[in-house]
Amino acid sequence: MPKFIIIGVQKGGTTSLFAYLTSHPQILPAISKEIHFFDIFFDQGLDWYVKQFPSIDYDKFLITGEASPYYIFHPHVPQRLYSLFPETKLIVLLRNPVERAISHYYMELSRGNEYLSLAEALAKETDRVDLELAKLQSDPSYYSSAHQRYSYLSRGLYLEQLQHWFDWFPQKQFLILKSEDLFAHPAAIVSQVFKFLELPEYELPEYCRYMAGNYGQINKGIKAALSEYFRPHNRQLEQYLGREFNWDTDHWDSGSEPVNKPAPIQAKQELCQKLAALSQVSPEQIRTEIAPWHRLEIPNSPKPKRKKPNILLLMSDQHREDAMGCSGGWVRTPNLDRLAAEGIRFSNCITTSPICIPTRLSLATGWYPHNTGIWDNCNYTLSPDSRTWMQVIRAQGYRTALFGKTHWHSQKSDLRDGLPLLNAYGFDEAIEVLGPRANTNIRSQMTEEWEAAGLWQAYKDDFAERFRFFCPQKVRPSPLGLHYYYDVWVARQACNYLESYSGDEPWFCWVGFPGPHEPWDAPEPYATLYDPADMPFPAPIPTIESNRPTGWLDEQIANPRVVLDESDPPQMRANYAGSVTLIDDQIGKILGVIQGRGELENTIIAYVSDHGEMNGDCGLTYKGNFMKGSVQVPLLIRTPETLESAIAGSIYPHPVELLDVGPTLVELAGGTLNSPQFGKSLVPVLRDPNQLHREDALSEIKQEVMLLQGRWKVALNQQGRVYLLFDIENDPQETTNLAGRSDMMKIAAELRDRILERIKQSQVQSEI
């Protein structure tokens with residue numbers, strides 16, 4: 001359990017301090033810096049919280065902790081934390097509230113959450129936040145993104161926040177630090193924290209400052225008004241704690257007469273009046289004010305002469321790369337083939353992880369599983385404070401919408417409860433669904449429509465029967481029928497949105513199809529569209545050397561989740577092909593809506609999947625390994641430029657990674673990713689397909705790592721030993737595993753070293 005928690009303040013240096021502390025050999029970090037259990041995810045339960053921390057060997061005097069800077073400001077956190085961990089040590093960083101408020105504003109601006117000028121945002125805080133605070137206080141389960149994001153002034157009233165905490169915890173459990181001291185003298189402050197935590201001294205080789213903003217010149221009138229507002233609050237804080245922070249120009253002697261408590265409502269009204277006057281500036285002045293930090297389309301500013309292109313991201317679940325007309329030839333996909341003909345097909349796109357949750361987290365954040373700590377499917381929620389590329393696209397002036405599956409957060413009862421999270425991740429609006437299996441027990445807008453149509457129970461019964469006798473490979477049409485089938489339903493929501501969209505901003509629309517993920521339940525007429533006899537044979541189990549190391553693939557083959565007979569793969573593949581064609585037809589409908597809007601030529605379109613499906617390869621179903629059917633996914637990108645270019649229809653054969661999609665779309669939208677991430681934009685390839693994008697591509701699952709590099713594919717098991725090695729140039733179907741052969745030892749060692757080098761090059765110290 002956490003020995004310590006850094007509870008605040010936001011923009012006070014908490015990310016830097018947490019990075020410094022977790023460098024100590026006796027401190028093991030949580031899965032992410034900001035867990036947000038006590039403020040946002042308290043309903044997930046204690047077991048969920050415990051799983052966010054590593055197992056601790058107390059005999060080795062190891063400790064762990066977290067840092068969620070919203071804790072200090074949230075009204076219910078002190079009581080919740082005390083009820084579970086009354087002895088946890090609490091660390092607080094306090095920063096000059098003027099600088100903190102300004103830094104907070106520019107952080108929200110950079111994330112696309114703020115659209116007002118600095119003066120306007122500060123002046124309107126009362127309207128945005130006060131009612132939300134009342135809702136939070138009256139309803140402990142309520143979540144308010146406005147309270148978390150727009151509380152620029154309120155978060156700087158430190159004394160009232162600390163007094164609320166002192167009502168529950170004794171002051172001796174707190175270490176209250178001045179942020180400016182941490183910034184100026186990090187080694188001394190970190191030493192003080194180690195002493196507070198009863199740890200031995202530890203000197204870091206360097207003290208980098210993380211998440212530091214650079215927001216240029218600030219209007220002097222704004223800073224003067226803020227300084228005047230915070231001055232009496234600062235003096236009260238100093239008097240209460242008996243120490244000086246020296247944030248004001250006229251320093252106060254802590255031994256002088258008591259300071260009268262400021263009248264909060266009157267003071268805030270006076271401040272808002274001053275800021276409102278300061279906000280009456282021209283759009284050009286506002287643009288000058290914010291330009292040093294981030295470009296933002298300002299309301300009422302002149303519109304660009306040429307509208308930015310719209311962006312359509314189409315994503316399916318469990319679509320293997322060879323299951324398209326333009327790739328393997330055994331599935332009819334005229335709309336995907338059209339995108340390939342008008343853009344570029346990346347024939348060697350490797351998923352970052354061949355399983356849903358890890359790879360979808362990687363896609364959103366640009367981090368590998370060895371960064372996120374999520375190596376397999378689990379009950380996990382991406383922090384609302386995570387930096388995503390979708391936020392950057394929104395900040396470029398796009399209206400962002402999502403329809404379909406994400407797998408970025410866990411909800412126990414109703415998926416719609418996660419809407420505030422999707423807003424935080426970068427979407428202005430969203431209608432979310434889950435995968436086929438989760439749709440049996442978690443509500444959503446889609447399952448409510450199923451229930452109203454009398455279909456949800458039939459859907460549940462169908463699933464129950466498939467797994468009652470553990471026969472998930474059973475092929476039969478879904479009881480939902482075509483109209484209510486999940487991929488059709490998702491496409492319909494996207495079409496309805498695009499048909500009715502009337503905003504001035506360009507749109508970014510992410511459509512996440514739940515299929516062709518199993519079960520094999522394509523509805524008619526797609527269920528019988530393909531003849532099983534026409535399906536390609538599954539790949540055999542690779543031949544192996546008897547003395548080689550073993551890994552997860554060997555475990556899958558030895559103990560398959562589903563035991564198949566000879567008749568299963570052809571039937572499964574025919575139904576799977578029907579599902580892919582169904583999705584392709586839905587894509588055609590979406591493209592038709594965009595064509596009807598007159599916007600198809602000015603729309604960037606990308607199609608990708610999270611991972612593949614074995615469909616009988618190696619005698620296996622599902623995914624979760626490094627074989628071609630599982631780890632290689634479709635990637636098609638078509639832009640207004642490729643549409644008119646001679647490179648349209650090109651096939652790019654070199655390695656790319658799934659997490660390259662985000663940086664590509666950001667660059668095409670005119671943005672830049674400034675947060676740590678490891679995706680690499682494909683825009684240079686879209687201009688010149690003859691250049692090398694990456695030397696190799698990584699994929700990871702269950703603490704195993706795979707590398708695709710030119711002629712070779714190699715995989716390390718959990719012990720770091722080579723257990724898979726394929727010569728894909730001469731053996732593209734991966735029928736012969738060369739790992740363990742004496743004549744392959746040198747190349748295996750070189751590839752292993754390259755994997756270790758890639759992992760070393762992709763380390764981070766801040767949270768997602």
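Reply: Let us begin with the charges. In this predicted model, the ring of Phe196 has the charged end of Lys89 over it, at 5.0 Å from the ring centre. A further case is Lys460, which lies over the face of Trp456 at 3.9 Å from the ring centre.

Me: How many aromatic pairs does the count give?

Reply: Rings pair if their centres lie within 6.5 Å. The count by this rule is 40 aromatic pairs. One of them is formed by Trp389 and Phe508, with 5.9 Å centre to centre and 85° between the planes, an edge-to-face arrangement.

Me: Where in the chain do Trp389 and Phe508 lie?

Reply: Trp389 belongs to helix 17 (residues 389-395) and Phe508 to strand 11 (residues 507-516). The two are 119 residues apart, and their pair links distant parts of the chain. Both Trp389 and Phe508 are buried.

Me: Why is the pair of Tyr459 and Phe463 tilted?

Reply: Planes under 30 degrees apart count as stacked and those over 60 as edge-to-face, the rest being tilted. The planes of Tyr459 and Phe463 stand at 50°, so this pair is tilted; the ring centres are 5.4 Å apart. Both residues lie in helix 20 (residues 456-468), four residues apart, which is about one turn of the helix.

Me: Are Tyr459 and Phe463 buried or exposed?

Reply: Buried means under 20% relative accessible area. Tyr459 is buried at 0%, and Phe463 counts as buried at 5%.

Me: Which residues do ring pairs link into a cluster?

Reply: The cluster linked by ring pairs consists of Phe37, Phe38, Phe41, Phe42, Trp48, Tyr49, Phe53, Tyr71 and Phe85.

Key:
Residues numbered from 1 in each chain as written. Predicted model: local features only at pLDDT ≥ 70, side-chain atom pairs only at ≥ 80, totals over all residues. Heavy atoms only, no water. Phe/Tyr/Trp six-rings, centres within 6.5 Å; stacked < 30°, edge-to-face > 60°. Buried < 20%, exposed > 50% of the residue type's maximum accessible area, 1.4 Å probe, protein only. Lys NZ or Arg CZ within 6 Å of the ring centre and 35° of its normal.
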